[in-house]
Amino acid sequence: WDSNGSFHQPSAFLMMGIPGLEALHPWISIPFCALYLAALSGNCVILFIIRRTPSLHEPMYYFLSMLAVTDLGLALCTLPTTLGLLWFDVRRIAFDACLAQMYFIHILSFIESSVLLAMAFDRFVAISHPLRHPAILTRATVLKIGLAIVLRGMVSLLPIPFLLKRLSYCGRTELSHSFCFHPDIMNLACADIKVNVFYGMIILLSTVGMDFVFIVLSYILIIRTVVSLATKEECLKALNTCVSHICAVLVFFIPMIALSMIHRFGKNLPPLVNTLVAYTYLIIPPALNPVIYSIKSTHIREALLRALCRKRG
């Protein structure tokens, strides 16, 4: 502990694994390893295919590349501490390292939310204004959108580590997960956390919350456009281009909303529920998104098959 008058700051926090199943951590690590391997290899394959296939150099796949990079970052943020705890029972994480991990986890989550919104906008323009799509979403425009997404996440979350460092901690050092999460750290403080709660809620609602609202609005407009199409075949073809994105949105937003609600209102829920939702939120989307897009995207699937055939040849 570092003490300065009435100010107390722990030198480290203690991370938690799966509550009640600590003896089974070596076995539990097997599915976790499989998910991390799927996330790392799947997203690397997506990036490799898009880079090597000129026909995929268009806005939809540029945004998919951003999503893959973000998912790689999320997986790499939690992999060392999660597998370190499950394999070697390494529970200790330094205070500053915890704040750094928390900052990057939240930044990447916000970036993923924004990328999903950009992909929804791309689908809206492609379906509602197909002739204007190349002129609206040029390569330069996509690059500007990507930079704006990164800057929004970095700037909006920059105060969070400093707001946590100003708090006084007095005894409890056990986190609820094998990674650092803002509400989790905040609740260990014995000082007034109203500023942290208020700022966290405002940022969450003004970024991820607004992203989700605009995604829903995009699909309302897409459905209205699709309904006006002449034939049923055209309608189904247009909607089919959105299936992968809809799945990615659901896989990301449902666990994220559930975890936010649990941290704020689910104090009486069993710890195991909180832990499972947290792992679902941070590990499942990076592992599933490459699978979703490989299965539903004909272009990705064909490019993958061509790459495999060239290797065999």
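Colleague: How do you know that helix α1, residues 25–52, spans what is expected of a helix with 28 residues?

Modeller: In this predicted model, the 28 residues of α1 reach 40 Å from the first C-alpha to the last, and this is close to the 40 Å expected at 1.5 Å a residue.

Colleague: How do you know what span to expect for helix α2, residues 59–88?

Modeller: The expected span is 1.5 Å times one less than the number of residues, and for the 30 residues of α2 it should be 44 Å. The end C-alpha atoms of α2 are 43 Å apart, which agrees with that expectation.

Colleague: Where does α2 bend, and which proline follows?

Modeller: The bend, of about 40°, is at Leu-79, and the proline that follows within four residues is Pro-80.

Colleague: What makes α2 largely enclosed by the rest of the structure?

Modeller: A residue is called buried when its relative accessible area is under 20%, and 23 of the 30 residues of α2 are buried, so the helix is largely enclosed by the rest of the structure.

Colleague: What does UniProt say about residues 62–88?

Modeller: An unreviewed UniProt entry places the feature "transmembrane region" at several stretches, among them residues 62–88 and residues 243–264. In the model, residues 62–88 are 100% helix and 0% strand, with end C-alpha atoms 39 Å apart. Residues 243–264 are likewise 100% helix and 0% strand, and their end C-alpha atoms lie 32 Å apart.

Colleague: Where is Asp-89 found, and is this residue buried or exposed?

Modeller: Asp-89 is found in the loop between α2 and β4, and just after α2 this residue takes a positive phi of about 60°, although Asp-89 is not a glycine. Exposed means over 50% relative accessible area, and Asp-89, with 54%, is therefore exposed.

Colleague: Why is the pair of Lys-165 and Asp-96 called a salt bridge?

Modeller: The rule asks for a side-chain nitrogen of Lys or Arg within 4 Å of a carboxyl oxygen of Asp or Glu, and the closest N and O atoms of Lys-165 and Asp-96 are 3.0 Å apart, so this pair qualifies. The pair links distant parts of the chain, with Lys-165 in helix α6 and Asp-96 in helix α3, 69 residues apart. By this rule the count comes to four salt bridges.

Colleague: What makes Lys-165 partly exposed?

Modeller: Partly exposed lies between the buried limit of 20% and the exposed limit of 50%, and Lys-165 has 30% relative accessibility, so this residue counts as partly exposed.

Colleague: How do you know that Arg-152 and Asp-211 form a salt bridge?

Modeller: Their closest N and O atoms are 2.7 Å apart, and the limit is 4 Å, so the pair meets the rule. This pair also links distant parts of the chain, with Arg-152 in helix α5 and Asp-211 in helix α8, 59 residues apart. Arg-152, at 30% relative accessibility, counts as partly exposed, whereas Asp-211, at 2%, counts as buried.

Colleague: Which residues form the nonpolar patch on the surface?

Modeller: The patch has about 810 Å² of accessible area together, and Met-210, Phe-212, Leu-217, Ile-257 and Phe-265 are among its residues. Helices α8 and α10 each supply at least two residues of the patch, and the largest share, six residues, comes from α8.

How values were computed. Residues numbered from 1 in each chain as written. Predicted model: local features only at pLDDT ≥ 70, side-chain atom pairs only at ≥ 80, totals over all residues. Heavy atoms only, no water. Buried < 20%, exposed > 50% of the residue type's maximum accessible area, 1.4 Å probe, protein only. Patch = residues over 30% accessible without salt bridge, like charges linked within 9 Å, V, L, I, M, F, W, Y side chains within 5 Å. Areas by Shrake-Rupley, 256 points an atom, 1.4 Å probe, with all protein chains shown as cover. Bend = angle between axes of the 7 residues up to and from the residue. UniProt positions renumbered as here; feature names shortened; annotations may be inferred.
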